[in-house]
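The structure under discussion is shown below.

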Amino acid sequence: MTACSREPEIRSLLDRGHWPAAASPELTAHAAACTRCSQLLLLTQAFRADRTRAAASVRLEAPGVLWWRAQLRRRNADLQRLQRPLLGAQIFSVLLSLVAAAIFLASQSKATLAWIAAVPHVLHFESLLPEPLQSPLGLAALIAGILALIAAVAKALAYATSETRD
Amino acid sequence: MPYESAIPQPLTGDAPELTGGHARAAGMDSDTFAGFYERSARPLWAYLARVSGDPALADDLLQESFIRFLAADAPTDGEVASRRYLFRIGSNLLRDHWRRPRHTSIDEVPEDRVPLAGTTEQSDSAILLGPALQQLKPRARQLLWLAYAEGYSHQEIAAITGLASASIRLLLFRARRQMARLLQNPRPSERRPA
């Protein structure tokens with residue numbers, strides 16, 4: 001892996017496009033005999049010729065198009081960066097509300113269950129309910145089921161409406 | 001303090017980057033960028049196409065490189081540094097492409113994206129250099145191109161590829177020896193017709 005002391009000289013001539021015109025006969029002879037320098041010449045000339053040809057063959061997009069696409073991306077990134085704390089605040093407020101609701105329900109559980117148990121008597125439909133649903137917990141499950149059914153129907157209606165609109 | 005200064009520009013609707021040709025990105029206005037693009041796009045495309053071996057992929061990565069360059073805080077200390085940064089973005093995109101799992105079947109690729117043998121793009125030097133390059137590993141192709149086609153130093157290649165400078169010296173030495181052997185003794189099918 002030892003470098004040749006003449007390599008920088010040859011590289012400099014190649015970089016300036018002066019090889020072999022500006023090279024001394026002695027340097028040209030050295031380059032032909034030295035493995036490192038001949039490899040440098042072979043690879044540099046082959047790669048640069050290929051680079052020139054490849055670069056000439058490409059059809060470029062207009063720079064203005066890329067400029068505006070980049071501006072749009074920057075703007076979108078800025079908006080996303082701004083929306084991130086807002087989303088965090090929304091999630092936090094929903095969680096806070098859920099926790100408050102849970103605490104409230106837990107504190108009022110006895111009164112709530114008593115109220116639920118009184119509903120069939122007030123509405124006079126206790127005889128319509130089967131035996132297992134006549135307990136407060138059974139009634140709570142029944143009410144939850146009815147609410148879930150309403151939510152599912154609403155969801156299905158919203159979905160059907162949006163499909164129709166599309 | 002006026003309230004407008006407290007509101008982020010994208011929300012006020014008067015973000016300067018969308019108001020006209022005097023907007024700036026990557027430390028450039030649109031005219032400066034056009035000049036930079038004119039000088040840098042072709043070398044970058046050649047690098048991406050030859051290292052990946054896929055001109056269609058090079059088209060995509062070229063555009064993405066420039067868009068990322070403009071969207072990022074690119075160096076503002078001259079065109080040489082900007083170009084090096086651009087090559088770094090291109091190299092990262094190439095690396096990401098190689099790392100990505102390939103699910104695409106050849107049947108799903110549009111016909112105009114499949115490089116054909118014998119297209120006009122395959123010039124004499126590509127006939128010689130192309131097959132030799134294809135026999136090398138992508139990393140070796142990348143290092144050789146940056147060193148010999150672009151003329152970057154080991155330190156610059158290290159900055160572009162993210163490799164250690166000492167590793168580049170060794171990898172480049174091996175790649176150079178292998179490439180020289182392939183160019184000096186091409187397989188019979190790769191020799192140029194007399």
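Predicted model: local features only at pLDDT ≥ 70, side-chain atom pairs only at ≥ 80, totals over all residues.

A disulfide requires sulfur atoms within 2.5 Å. The sulfur of Cys34(A) likewise has its closest cysteine sulfur, that of Cys37(A), too far away for a bond, at 3.7 Å. Over all chains, the search of the whole structure returns zero disulfides.

| Cysteine | Closest cysteine sulfur | Sulfur separation |
|---|---|---|
| Cys34(A) | Cys37(A) | 3.7 Å |

With a relative accessibility of 15%, Cys34(A) is classed as buried. Cys37(A) is also buried, its relative accessibility being 0%.

The second topic is the interface. Chain A places 37 residues in contact with 55 residues of chain B. About 4400 Å² is buried between chain A and chain B, and carbon and sulfur atoms contribute 65% of this area. Four salt bridges are found across the interface of chain A and chain B. One of the salt bridges joins Asp50(A) to Arg50(B), with 2.6 Å between the closest N and O atoms. Between chain A and chain B, 15 residue pairs are in polar contact, both residues having pLDDT 80 or more.

On the side of chain A that touches chain B, α3 (35–57) and α4 (63–107) of chain A each provide at least two residues. The largest share, 18 residues, is supplied by α3(A). By class, the residues of this side of chain A comprise 21 nonpolar, four polar and twelve charged.

Note on methods. Residues numbered from 1 in each chain as written. Chains lettered and ligands numbered in written order. Heavy atoms only, no water. Buried < 20%, exposed > 50% of the residue type's maximum accessible area, 1.4 Å probe, protein only. Contact = heavy atoms within 4.5 Å. Buried area = accessible area lost by both parts, 1.4 Å probe. Salt bridge = Lys/Arg side-chain N within 4 Å of Asp/Glu carboxyl O. Polar contact = N/O pair within 3.5 Å; in protein donor to acceptor, adjacent residues only side chain to side chain. Helix = DSSP H or I, 4+ residues; strand = E, 2+ residues; numbered from the N terminus. Nonpolar A, V, L, I, M, F, W, Y, C, P; charged D, E, K, R; others polar.
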